[in-house]
Amino acid sequence: MTDSTFERPATRLRIAVDEADPRARGRARGSRLAAELPGAIAAYDRLFVAGSIDADTVRADADRALDAIAAFRPRLAEQIEGIAAGAGVETWRVAALNARTEILARSRTVPPGECSTIVRDTGAGAIFGVQTWDWHVELSSHWHTIDSAGGPHRYVGITEHGILAKIGVNDAGLALHFNILGHRDDRVGGIPVHVLAACVLEEAGSVDHALELLHETPIASSGSFALFDTARAVLLDISPEGIFEVPEVVPGTWLRTNHFLTPAPAAHEKSWLYQPDSGQRFAFLQDRIARTRPQSADELVGQLITGPGEPAVTCNPDPAKEFGQRWASLATITLDPARRTARILDGTPAEHDSRPRYELQC
């Protein structure tokens with residue numbers, strides 16, 4: 001395991017907003033991000049350049065993405081516009097952040113991040129989940145915890161600066177974990193997957209409601225949502241080919257790394273992005289879970305701790321690698337829909353005794 005020491009803020013920024021008007025809600029978020037957002041924009045500019053994506057293409061993609069969002073959910077586009085206004089940056093810049101997954105899908109030189117997610121139904125009325133959020137170490141200072149109220153549902157969790165949502169739980173008890181996947185038809189033009197996460201957390205009151213919403217959404221890119229409430233859980237392959245439900249890996253347990261787990265989208269996967277790493281992490285966690293059958297959220301966090309000679313579920317940056325190739329577990333997130341809580345460890349699973357923890361509740 002490489003050294004997990006890398007630059008992180010002493011205290012993580014927490015943004016709480018409560019505005020019924022979407023544009024005002026976005027503006028409130030943007031004003032809190034005014035000092036930090038330019039750094040996040042600059043970091044993504046570097047990633048786009050490293051991925052051989054020129055500035056004109058980024059701006060055109062951002063404008064297309066915002067048009068698609070405005071056509072589908074005007075209030076989400078208004079939040080993006082509000083963030084830009086509140087932070088004093090151009091709107092297309094914030095739209096590009098929200099569509100960063102789709103824009104980076106153009107690149108063959110900067111692969112997406114890697115994450116590992118486990119959702120567990122103990123059979124005793126408790127369903128909970130945990131995941132690592134693994135991303136470029138250069139973004140380690142550019143995320144925050146979010147408490148967003150004013151829409152149909154309040155939600156709490158984490159997201160990157162300028163991006164509407166990522167991982168969280170809402171006040172209806174719907175939880176969402178989020179992994180990136182890669183399909184050969186991924187493109188800009190549908191609803192960006194991060195904006196889709198915001199839509200689900202803000203609107204859906206249950207797993208069934210979330211599924212209805214997803215099936216009516218124009219989708220042109222890939223990801224995986226693990227959705228669960230107090231009654232049931234589903235794990236989804238989301239792709240330009242459609243949305244497919246993934247079976248349990250062992251009874252009562254759903255497992256996700258970064259490859260498709262259903263046949264149709266898997267046949268058109270960008271396997272060079274994640275393999276063999278994703279398959280190795282999946283097989284390792286599948287075997288570990290089958291042997292241990294964790295019964296609590298804390299036990300689930302323990303499943304994600306790995307060391308030398310094991311697949312990099314706990315992901316530490318390799319300083320020898322070049323920019324765009326240095327991955328880190330920037331956060332470890334536990335979601336509990338029964339308690340409406342998101343517990344965020346500001347670090348890798350292995351740092352659970354030494355790094356700050358934040359608990360947010362709807």
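1. Contact here means heavy atoms within 4.5 Å. Axes are lines fitted to C-alpha atoms, for helices over the stretch in contact, with angles from 0 to 180 degrees between N-to-C directions. Helices (H or I, at least four residues) and strands (E, at least two) are DSSP runs numbered from the N terminus. In those terms, helix H11 (residues 277–292) lies across strands E2 (116–121) and E11, at about 160° to E11.

2. The model is predicted: local features need pLDDT of at least 70, side-chain atom pairs count only at pLDDT 80 or more, and totals for chains, interfaces and linings use all residues. Residues are numbered from 1 along each chain as its sequence is written, and side-chain values use heavy atoms, with hydrogens and water left out.

3. An open sheet is built from six strands in the order E11-E2-E3-E12-E13-E14, with antiparallel pairing. Two strands count as paired if DSSP finds at least two bridges between them. Strands E11 (253–256) and E14 (357–361) are the edges, each pairing on one side only. Direction ignored, neighbouring strands of this sheet are turned by 15° against each other on average.

4. Within the sheet, E12 (residues 327–336) pairs with E13 (residues 341–345) in the antiparallel sense over five bridges. Leu335 has Ala342 of E13 as its bridge partner.

5. On cavities: a cavity is a set of points, on a 1 Å grid over the protein atoms alone, where a 1.4 Å probe fits but cannot get out; lining residues have an atom within 4 Å of a point. Grid points are joined across faces, edges and corners, and a volume is the space filled by probe spheres set on the points. The structure has four cavities of 30 Å³ or more.

6. The largest cavity holds about 90 Å³ of space. It is lined by 12 residues, of which Arg100, Cys115, Trp133, Lys166 and Ile180 are the closest to its centre. Strands E3 (127–136) and E7 (175–179) each give two or more residues to this lining, and E3 gives the most, with three. By class the lining has six nonpolar, three polar and three charged residues (nonpolar: Ala, Val, Leu, Ile, Met, Phe, Trp, Tyr, Cys and Pro; charged: Asp, Glu, Lys and Arg; polar: the others, Gly among them).

7. The second largest cavity holds about 50 Å³. Its lining consists of Asp298, Val301, Thr332, Thr334, Arg343, Ile344, Leu345 and Arg357. Helix H12 (297–303), E12 and E13 each give two or more residues to this lining, and the largest share, three residues, comes from E13.

Methods: 1 Å grid on protein atoms, 1.4 Å probe; cavity = no way out; pocket = protein on both sides within 12 Å on 5 of 7 lines; lining within 4 Å.
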